[in-house]
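Please open the model in your viewer and keep the selection tool at hand. The stops below go from the whole chain to single residues.

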Amino acid sequence: MEKIMATFKANYKKPTYWAQIIGSVLIIGLAVSTVFFGVKIDTNAVVLVITAVGAILAFVGVITDNSILEDTGNTIKTKSNALASTEQTVVEALSEAQAKIEAANSAAASQAEAQASQAVVSAYSQAASAAAVGDTSTASSAATLASSLADNLNSNSQSDAETTSESASQAS
């Protein structure tokens, strides 16, 4: 916290400091709204938003005779194309990360389903083996376990299918 305060005290009168902070907030805000909230913003709109923010800051700086604010606004306006390009890079990186997370979650779900299926097969196999040697108690227990596991696996599959169906209908 002390470092942040020292940085602020050393730079608060520098227009480039404020331009960097405001530019970063704009980039993060636009990228998050695009990736996580699904707001469709093309590059031209991003440039327009950044330029408008810079123009407003410069205008307020002129009216209030605040040269720091004026210079900050002008710096943001001048760098609007570079800031828009940076925003697009951030959006692409966030989208790629989000896709990788979804793929990993899907792979984990598939692996869990495969393990559950293997448990059902194993339980039925144990029941068959026990029945073959005449151990009806173990065979009955294993068959009940296998049946229970199979029912659980089927209900999870139906739940996943319903969730996927609901997601698809909501996206339409």
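Of the 172 residues of the protein, what percentage count as buried? The share is 22%, where buried means under 20% relative accessible area, exposed means over 50%, and partly exposed lies in between, with a 1.4 Å probe and protein chains only. This is a predicted model, in which local features need pLDDT of at least 70 and side-chain atom pairs count only at pLDDT 80 or more, while totals for chains, interfaces and linings use all residues. Residues are numbered from 1 along each chain as its sequence is written, and side-chain values use heavy atoms, with hydrogens and water left out.

**The whole chain**

Colour by secondary structure, and you will find six helices and zero strands, with helices (H or I, at least four residues) and strands (E, at least two) taken as DSSP runs numbered from the N terminus. The protein exposes about 11500 Å², of which carbon and sulfur atoms supply 59%; such areas come from the Shrake-Rupley method with a 1.4 Å probe, and for residues only the protein chains shown count as cover. Contact means heavy atoms within 4.5 Å, and among contacts between residues at least 6 apart in sequence, 56% join residues at least 24 apart.

**Helix 3**

Select residues 43–63, which form helix 3: its 21 residues reach 30 Å from the first C-alpha to the last, close to the 30 Å expected at 1.5 Å a residue, the expected span being 1.5 Å times one less than the number of residues. Within helix 3, the residues Val46, Val47, Ile50, Gly54, Leu57, Ala58 and Gly61 are buried. Seen down the axis of helix 3, these buried residues fall within an arc of 100°, so they line one face of the helix; the arc is that of the directions from the helix axis to the C-beta atoms.

**The core**

Next, select Ala19, Leu26, Ile27, Leu30, Ile41, Val46, Val47, Ile50, Leu57, Ile76, Leu83 and Ala84, the 12 residues of the largest nonpolar core. A nonpolar core is a set of buried Ala, Val, Leu, Ile, Met, Phe, Trp, Tyr and Cys residues joined through side-chain atoms within 4.5 Å. Helix 2 (15–35), helix 3 and helix 5 (80–132) each supply at least two residues of this core. Centre the view on Ile50, which touches Leu26, Ile76, Ser80, Leu83 and Ala84, not counting residues up to four places away in sequence.

**Ile22 in helix 2**

Move to Ile22, which is in helix 2 and, at 22% relative accessibility, counts as partly exposed. Leaving aside residues up to four places away in sequence, Ile22 touches Val53, Leu57, Thr72 and Ile76.

**From Asp65 into helix 4**

Where is Asp65 placed? Asp65 lies in the loop between helix 3 and helix 4, where it is exposed, with a relative accessible area of 71%, and has a positive phi of about 55° although it is not a glycine. Asn66 caps the N-terminal end of helix 4, with a side-chain oxygen 3.1 Å from the backbone nitrogen of Ile68. Finally, select residues 67–78, the 12 residues of helix 4, in which Thr72, Gly73 and Ile76 are buried. Seen down the axis of helix 4, its buried residues fall within an arc of 95°, so they line one face of the helix.

Terms used
A polar contact is a pair of N or O atoms within 3.5 Å; within protein, one must be able to donate a hydrogen and the other to accept it, and residues adjacent in sequence count only if both atoms are side-chain atoms.
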